[in-house]
Structures are given as C-alpha cells and as structure tokens.
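Here's a quick briefing to read alongside the model. Have the viewer open and follow along, topic by topic.

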Amino acid sequence: MFSWLPCALLLLWASLSTSAQAEPIHVAVAANFTQTLAALVERFEQQHDHHVVMSSGSSGKLYAQIQHGAPFDIFLSADTEKPAALERSGLTQPGARFTYALGALALWAPKLTAIDDGPALLETGGITRLALANPRLAPYGTAAADVLEHFKLTDITREKWVLGENIAQTYQFIASGAADAGFVALAQLMNGPAETQGAVWQVPSSLHRPIAQQAVLLRQAADKEGALALWQFLRSEQARGIIARHGYTVVP
C-alpha cells in the first residue's frame, strides 16, 4: 500500500532546505566601499547559491542601526572603532573582526587640470565650496578634518564646507558641481566614471589617522550558512585581489 507520509515529509524537507538556502545575506557597508563590495558580491554569487542584499551609508549611521536591532549579518565599516564597540557590546561573533582594507584619501577638483600643492589650493586656490564627509559620522571625513587641522586650515575653510552624510554623497556634491573640490576616497576616483576628469592630489597617509576598515560578523549570523560562506569569501585571496584592484591596500 502506498503511503503519502514519506513523500510529504520529503517535500517538506526539500521546501525548508530551499527556503533556508535562499535566505538573503544582509550586509551593511560603508559608502566608500560600496562599489568594491558590489564586485565582490558578483564574484561570490557566481560561486554560491546565495543572494546578498547590500545597505550602504555612513559607518556612524549603520553602527547606530545595528545597535537598535537592524537585521544585518555582516558589517563592513570604514573604521576600527565601531566594529570594536560592537564587539565589546556582545553584538558580534567572538573573534570575528578583521581589517579588510586600508583606505586612501584624495583631494579632487574636477575643473582643474593639475594640483601641484594641495594645501596651497585649499588656502588660496579660489575654492568657494569644499566638500568633505561629516567627521562625526564618516571616517573619511575624520581623515579630511585631520588634514585641514594639520595645515591649520580648519578655521580658514570652515565657512566653505559642504558636509556629506557619507563619502558617497560627498563624491556626488563634487561631481555635480555643488562643490568646487573636496576630499573623497581614492578608490572612488579609480572606479568611478570621473576617473580621468579633473585633478587629484593623493593625500599622504602621514597627514591623517590611518583609515583601517574593519569587518565584523554579527551575532545573529552565527547559524546562517550564506552569511558564513560570504564571511569566509571576504577573507580569501580571491577577495583580497579584488579589493587591491579597487584602490585599497590589503593587509595579511
């Protein structure tokens, strides 16, 4: 006599298995790393049956969302302080914090052909609007503020500041002409459509705090196959190569 029960159980198991496998991976990513993560996700999804959902913004805002229970699995910050704070709060998997990239800062002026002296341009170069990410929210904004302070240009330029909520918005201010020049991530210029447009001064890293970007695997992702697979991929040599090609320095 044919029994429907084993078949029903088999179908239920298959349905649950497919559902679990299809569960999206939610990643919070600092705005400067969005394009690079998109390239990483494209490669990852070619190799795995998992779908990644990216949420981009300033590290500060993403950090606040995670603190208030946002359902992210992985957080790619643009600094070390916020991942470390989440770790101390018990919101991450123990020992699952690492530096995935070292960022570089650049001063970009689309309407110029060359920048011979970055500080001189900021002081006397006729810039009426200077864009930078909000130093309270975005690590690249903090680095830009460090540079201005180093050259004692903070007070001289403050009235010209156009503050972006994150480095992606800052880039748009400059690209759209809302600002004459501004501080962006070097990786944005290497990977964006304006890579050959205007003048760029790569800011020496000695002029600002290191832009060490760290990632954490959040506590809720402990049993998620997809999130764990992506986490391992981000630490792979394949991923490191993609990150380096996008203008970042990778560390062992």
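**Sheet, helix pair and a few residues**

Strand β6 (residues 130-133) and strand β8 (residues 181-185) run parallel and are joined by 2 bridges. Keep in mind that this is a predicted model. Overall, the protein has 11 helices and 10 strands, and buried residues account for 48% of its 252 residues.

**The sheet around β6 and β8**

- The open sheet here has 5 strands, in the order β7-β6-β8-β5-β9, and its pairing is mixed.
- At the edges sit β7 (161-164) and β9 (199-202), each of which pairs on one side only.
- Direction ignored, neighbouring strands of this sheet are turned by 30° against each other on average.
- Which residue in β8 does Ala131 stand opposite? The one to click on is Gly182.
- Helix α8 (residues 167-176) packs on the sheet and touches β5 (105-109), β6, β7 and β8. The direction of α8 makes about 145° with that of β8.

**The α2 and α10 pair**

- Now for some helix packing: α2 (residues 34-47) and α10 (residues 225-234) pack at an angle of about 120°, and their axes are 11 Å apart.
- That angle is why α2 counts as oblique to α10.
- As for handedness, α2 passes α10 in a right-handed crossing.
- On the α2 side, the contact uses Leu40, Arg43, Phe44 and Gln47; on the α10 side, these meet Gly226, Ala229, Leu230, Phe233 and Leu234.
- Sort the residues of the contact of α2 with α10 by type and you get 6 nonpolar, 2 polar and 1 charged.

**Leu186, at helix α9**

- Leu186 is found in helix α9 (residues 186-191).
- Is Leu186 buried or exposed? Its relative accessible area is 14%, and the cut-off for buried is under 20%, so Leu186 is buried.
- Leu186 and Ala104 are 82 residues apart along the chain, yet their C-alpha atoms are separated by 5.5 Å.
- Setting aside residues up to four places away in sequence, Leu186 touches Ala104, Ala106 and Gln202.

**Lys152 and Thr154**

- Lys152 is found in the loop between α6 (139-150) and α7 (154-157).
- If you're checking backbone torsions, have a look at Lys152: its phi is near 55°, a positive value in a residue other than glycine.
- Thr154, by contrast, is found in helix α7 and counts as buried at 10% relative accessibility.
- Which residues is Thr154 in contact with, leaving aside its neighbours within four places in sequence? They are Ala145, Leu148, Glu149 and Trp161.

- Take the contacts in the protein between residues at least 6 apart in sequence: 76% of them join residues at least 24 apart.

Technical notes. Residues numbered from 1 in each chain as written. Predicted model: local features only at pLDDT ≥ 70, side-chain atom pairs only at ≥ 80, totals over all residues. Heavy atoms only, no water. Axes fitted to C-alpha atoms, helices over the stretch in contact; angles between N-to-C directions. Helix = DSSP H or I, 4+ residues; strand = E, 2+ residues; numbered from the N terminus. Parallel < 35°, antiparallel > 145°, perpendicular 65-115°, else oblique. Left-handed = near helix turned anticlockwise from the far one by under 90°. Contact = heavy atoms within 4.5 Å. Nonpolar A, V, L, I, M, F, W, Y, C, P; charged D, E, K, R; others polar. Pairing = 2+ DSSP bridges. Buried < 20%, exposed > 50% of the residue type's maximum accessible area, 1.4 Å probe, protein only.
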